[in-house]
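Subject: Structure handover

Hello,

Here is the structure we spoke about, with the sequence alongside. My notes on what turned up in it follow below.

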Amino acid sequence: MIDLKLKEQLDEQQSGIISDTHKYLCVSACPGAGKTYTLVNKVNRELQSLKDYQGIIACSFTKESSKEIKERLRKINKNIDNCYIDTIDSFIMNLIIKPFLNRYLFNKRKINKRIEIKSTIIDNDKNLNLYTRLYDRNADVNREANEYAKCWLENLKQGIYSISFPTYMLAESIVKMKLFNQLFAIRFPTIYVDEAQDLNYFQHRLLKALKENTDINIVLFGDPNQSIYQFRGARPELFNNLKNEGYYLKKITLSVRCHPSILFYANRIFEGNIVKNFDVSHVQIIDQLDLELLRNLNDKIFILVETNDKAVELYEKFKDSFDILYSKKLDKMPNDYNLNQHVLDELIKYYLNYDNVKDRYKYPIEDLMIFLRSISDKLKEKDFKIKNKTFHDFMIDSINILNIAVSEGTVDIIEQKLMEEKYMYYYYIIEKNNKIMTIHSSKGLENENVIIYLSNTYKIDEIFKNKLFVAITRAKNNVYIYCEGLPNIKKYITDLLN
């Protein structure tokens with residue numbers, strides 16, 4: 001049951017942010033603070049005052065998060081057609097690069113004929129994360145990254161658009177064009193960015209260029225304590241420094257997800273002894289993970305681990321004696337799947353759940369059409385009815401209707417992988433509350449009980465602390481922490497209790 005006094009205080013913090021009028025606003029929200037609710041309602045409030053031709057931009061890092069923002073906003077405001085709500089990469093490509101690319105390159109005398117982007121790829125160069133993390137810190141990395149960026153531009157001239165860090169460097173240059181501000185900011189008065197603690201160096205530079213060269217408002221939501229993507233280039237310290245960049249800072253410090261003792265314990269990771277004599281009765285260090293513990297908890301359990309190998313190991317150990325599930329999204333897929341993942345995943349979920357045995361989990365075609373019409377408003381419901389189609393035929397027919405570049409071979413790979421339980425149950429919804437997953441996969445999720453199984457950590461650094469914080473705050477009521485052969489880590493997490 002939610003504490004009414006706590007809820008009242010939380011409502012006050014959320015309302016203060018929703019009504020805030022600062023041009024540059026940075027919101028730090030703790031886990032379970034209703035961050036998405038606050039963001040969506042702040043957007044809705046702004047939409048009431050915009051002109052007919054205006055909308056807002058709302059970006060997140062994943063299609064799933066962007067979709068959630070769009071769906072929540074549509075429930076309270078049907079008129080969002082002028083808004084652009086998608087991933088950061090999609091925003092860069094569709095609202096900056098494509099409309100202004102040729103004009104910018106002609107002005108810079110980089111080209112003498114128009115560029116037509118013929119293909120979009122995701123570059124898997126193993127050095128990309130290194131360039132993104134260390135560009136401004138290491139002269140050798142800077143030099144290598146600039147050489148990579150030159151090659152990237154030459155490929156772009158040939159019509160090959162690669163989603164990579166030079167995208168942001170090019171977008172930053174385009175934003176500095178006078179014409180960009182004249183045509184862009186008047187249409188989109190505000191950009192909202194979710195999970196802003198995971199912005200990398202180049203993304204921060206782009207926001208700075210927008211701030212200094214356009215009249216756009218910028219609203220950022222995040223939590224630096226939940227930054228677990230430094231290996232991809234996330235720079236939470238830049239988020240923490242935004243006050244010095246002219247942003248007004250606000251916080252949501254209350255949570256209606258976690259029991260107070262869980263949040264106190266998690267905050268102790270970063271705040272030391274700021275809270276004295278606090279209750280930690282809902283956090284326990286355990287000496288073993290066994291069936292007795294799982295059965296005593298009975299239901300609604302996450303077992304969070306550091307690697308997929310450990311997840312598989314524990315799943316194989318417990319699956320025959322305890323009702324638990326290990327699931328993961330499709331991985332190691334061809335490039336055409338990666339580029340169209342949000343559409344393909346939605347088609348998979350629809351096909352697998354349209355006649356789900358549980359009525360509450362059925363996926364009606366009306367809901368699918370709401371999603372697909374964000375791609376094209378000319379699609380017809382009858383074209384996506386399953387009738388007696390096999391999965392393969394449904395996917396091929398849908399791909400052809402949507403006119404997306406996905407090969408039949410990729411569809412075959414999808415179908416083959418979905419025969420494996422771990423992949424199928426990522427998409428097919430069942431009433432299993434007990435799941436094993438990596439800490440990274442659990443971000444944004446919650447459950448009554450969380451068991452954290454640490455087995456791969458060698459040092460206590462910022463990355464480990466953020467990862468531990470995320471794992472702990474997935475729990476509503478109880479946290480159990482087990483360390484497999486890690487005496488230094490066990491001492492650290494035990495000392496946090498004392």
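This is a predicted model: local features need pLDDT of at least 70, side-chain atom pairs count only at pLDDT 80 or more; totals for chains, interfaces and linings use all residues.

Strand 11 pairs with strand 12 (residues 435–438) in the parallel sense, over two bridges.

Aromatic rings

The count of aromatic pairs comes to 25. One of them is Tyr351 with Phe394, a tilted pair at 5.5 Å centre to centre and 35° between the planes. This pair links distant parts of the chain, since Tyr351 is in helix 15 (residues 341–353) and Phe394 is in helix 17 (residues 391–402), 43 residues apart. Both Tyr351 and Phe394 are buried.

Elsewhere, ring pairs join Tyr131, Tyr135, Tyr148, Phe165, Tyr201 and Phe202 into a cluster. There is also a charge over a ring: the charged end of Lys211 sits over Tyr24, 4.8 Å from the ring centre.

Salt bridges

Side chains of opposite charge can pair when their charged atoms come close. The structure holds 32 salt bridges, and three of them are described here pair by pair.

Arg143 bridges to Asp140, with the closest N and O atoms 2.3 Å apart. Both residues are in helix 6 (residues 139–157), and because they are three residues apart, about one helical turn separates them. Asp140 counts as partly exposed, at 43% relative accessibility.

Arg205 bridges to Glu172, where the closest N and O atoms are 2.9 Å apart. How accessible are the two partners, Arg205 and Glu172? Arg205 is partly exposed, with a relative accessible area of 25%, whereas Glu172 counts as buried at 10% relative accessibility.

Glu313 bridges to Lys310, and the closest N and O atoms there are 3.1 Å apart. Glu313 and Lys310 lie in helix 13 (residues 308–318), three residues apart, which is about one turn of the helix. Glu313 is partly exposed, at 43% relative accessibility, while Lys310 is buried, with a relative accessible area of 9%. The limit for buried is under 20% relative accessible area, so Lys310 at 9% falls on the buried side.

Beyond these pairs, Lys35, Asp194, Glu195 and Lys443 are linked in a network of salt bridges.

Regards

Notes. Residues are numbered from 1 along each chain as its sequence is written. Side-chain values use heavy atoms; hydrogens and water are left out. Two strands pair if DSSP finds at least two bridges between them. Helices (H or I, at least four residues) and strands (E, at least two) are DSSP runs, numbered from the N terminus. Rings of Phe, Tyr and Trp (its six-membered ring) pair if their centres lie within 6.5 Å; planes under 30 degrees apart count as stacked, over 60 as edge-to-face and the rest as tilted. Buried means under 20% relative accessible area, exposed over 50%, partly exposed in between (1.4 Å probe, protein chains only). A charge sits over a ring if NZ of Lys or CZ of Arg is within 6 Å of the ring centre and within 35 degrees of the ring normal. A salt bridge is a side-chain nitrogen of Lys or Arg within 4 Å of a carboxyl oxygen of Asp or Glu.
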